[in-house]
Amino acid sequence: MSLLTRRAVMAASTGLFLARATATQGLEIRRTAPAEPFALGVASGDPSTDGFVLWTRLSAGGAPLDAPAVPVAYEIAEDEAFRRIVRRGRRAASPALGHALHVEVSGLRPGRTYWYRFHALGAVSPVGRTATAPEHAERARIAVSSCQHFELGWFAAYRDMVAAQPDLIVQLGDYIYENSYAQFPKVRAFDAPEPVDLDGYRRRHATYKSDADLREAHRLAPWVVTWDDHEVENDYADLANLKGLDPAVFARRRAAAYQAYFEHLPVRPSLWARPDRPRLYRRLAWGNLISLPVLDGRQYRSAQACNPPGQSGNRPRRDCPALAAPDRTMLGAAQEAWLDQTLKAERSRWTLLAQQTVVAPIETLEGVMSDQWDGYAAARDRLMRGLTGPSVRNAVVLSGDIHAFMVNDLRTGRPDAPPVATELVTSCLAASHAPKARYGEVRARNADVRFADIERSGYTLIEATPQKLDVDLRAVSDQADAEGVTQSLARFAIEDRRPGAQA
Ligand code: FE
Ligand code: CA
């Protein structure tokens, strides 16, 4: 910030006199301004009633920028043509954050659409569209996405999502994949090996942002994101990791992955005060219609039960009493306490709990899976107590992770007692699917699984009114087809004060 003067910003924003401006500001840009500094796109997220966070990351056509701090100007307007600009500002995009920029905006009007753009290095960014949350809402449209493997599928489902004009896009994790799967056919390839350090994770995120459908989805709607495991390494749990590496070693890798995640997603920098221990759990709201608590089920969790110490891994388990040990946690004590308070203070019509792994008990052909809430049964009991408290009118859990669509009744009492909540599991947006040898008979073996499809990719679209949620599970025709068409696979309704999905 201190590097910036009005003159530098004006130069940057008009695209004129970059060399002279930087010379006078002591910004030693050794090269000429790069082509396409906004190649990674623009994004917005976490709307409140008076603001949101805006994001971009400067690059040289997607490659890291070789430059010290770069002045960036931003503009927010009430119209797409920027005739009514309501906010202007300037920031420095610093190399310490890979020239990423997050602008947390407040003081805007509730419940309205805004357009925004950035100016830097003589270029103007694409125009992004976003919105503030309303104070009162009679409708909301929320798209839920999870698990997008760049190599295993095209992201065509985002085109259908954008066409639906959702108020919010909620991403439940596995936004990137750190690993490749040699056994599955690829539609395209990562341009680098598995990341383990900051440069590697930055490059992986930049590769993701080379996808035009993903960039458009970010440009056209505000996102609410949380992570699962592949943003760092498959199946990690706190500092327990797949190879059983020393926690101090893995902590460095995780910190690099967390930083790169922050640098590429529209999350509020106020959550990132401690970069190595960022806080991702938080609550959003859409009037009194929707409450959206967002959980972090990775950073604080106990390692999966019955693995060797320090080693993570999702395994089917049958004889593992530790699955239910009361001292094991999915969320960590601080987040559990926060969630408890949040749920006790609920006054919304619908509580949509955005989180990662499947909550319903699921008996697969191989046993229960230790990475899901089945592997944290005591923590699940505590979660369900919170979700069924008197202040929560309608509890709906949003889950991802297993690369299958499922609609589940959630129960706390006897199997013949009525359900107390509903779980919507969205399939992968694009990835390999839940294996048949494990999930092949999941409906037949689990009475509370009301719907399951383990063969299709896509996303879940929720239309909320005070009376009901209309849920549309939308599947892409073929993720290997860049022009894949996305259509309704199944629809359910969840009615006010009637837990469980109705066909
Ligand atoms: Fe996944
Ligand atoms: Ca996993």
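User: Is E483 buried or exposed?
Analyst: E483 counts as exposed, at 55% relative accessibility. Here buried means under 20% relative accessible area, exposed over 50%, and partly exposed in between (1.4 Å probe, protein chains only). This is a predicted model, in which local features need pLDDT of at least 70 and side-chain atom pairs count only at pLDDT 80 or more, while totals for chains, interfaces and linings use all residues. Residues are numbered from 1 along each chain as its sequence is written, chains are lettered from A and ligands numbered from 1 in the order in which they are written, and side-chain values use heavy atoms, with hydrogens and water left out.

User: Which side chain does E483 meet in a salt bridge?
Analyst: E483 meets R159, at 3.4 Å from N to O. A salt bridge requires a side-chain nitrogen of Lys or Arg within 4 Å of a carboxyl oxygen of Asp or Glu. R159 lies in helix α3 and E483 in the loop between β22 (468–476) and β23 (486–495), so this pair ties together parts that are 324 residues apart in sequence. Helices (H or I, at least four residues) and strands (E, at least two) are DSSP runs, numbered from the N terminus. R159 itself is partly exposed, at 36% relative accessibility.

User: How many salt bridges does the structure hold?
Analyst: It holds 44 salt bridges. One of them joins E151 and K186, at 3.9 Å from N to O. E151 sits in the loop between β9 (140–145) and α3 (157–163), and K186 in the loop between β10 (168–171) and α4 (198–208), so the contact ties together parts 35 residues apart in sequence. E151 is buried, with a relative accessible area of 3%, whereas K186 is partly exposed at 42%.

User: Changing topic, how many aromatic pairs are there?
Analyst: The count is 21 aromatic pairs. Rings of Phe, Tyr and Trp (its six-membered ring) pair if their centres lie within 6.5 Å; planes under 30 degrees apart are stacked, over 60 edge-to-face, and the rest tilted. Y175 and W223 form an edge-to-face pair, 6.2 Å centre to centre with 70° between the planes. This pair links distant parts of the chain, with Y175 in the loop between β10 and α4 and W223 in strand β11 (residues 223–225), 48 residues apart.

User: Which residues form one aromatic cluster with those two?
Analyst: The cluster consists of F150, F155, Y158, Y175, F190, Y208 and W223.

User: What lies over the face of F155?
Analyst: R188 does, at 4.7 Å from the ring centre. The criterion is NZ of Lys or CZ of Arg within 6 Å of the ring centre and within 35 degrees of the ring normal.
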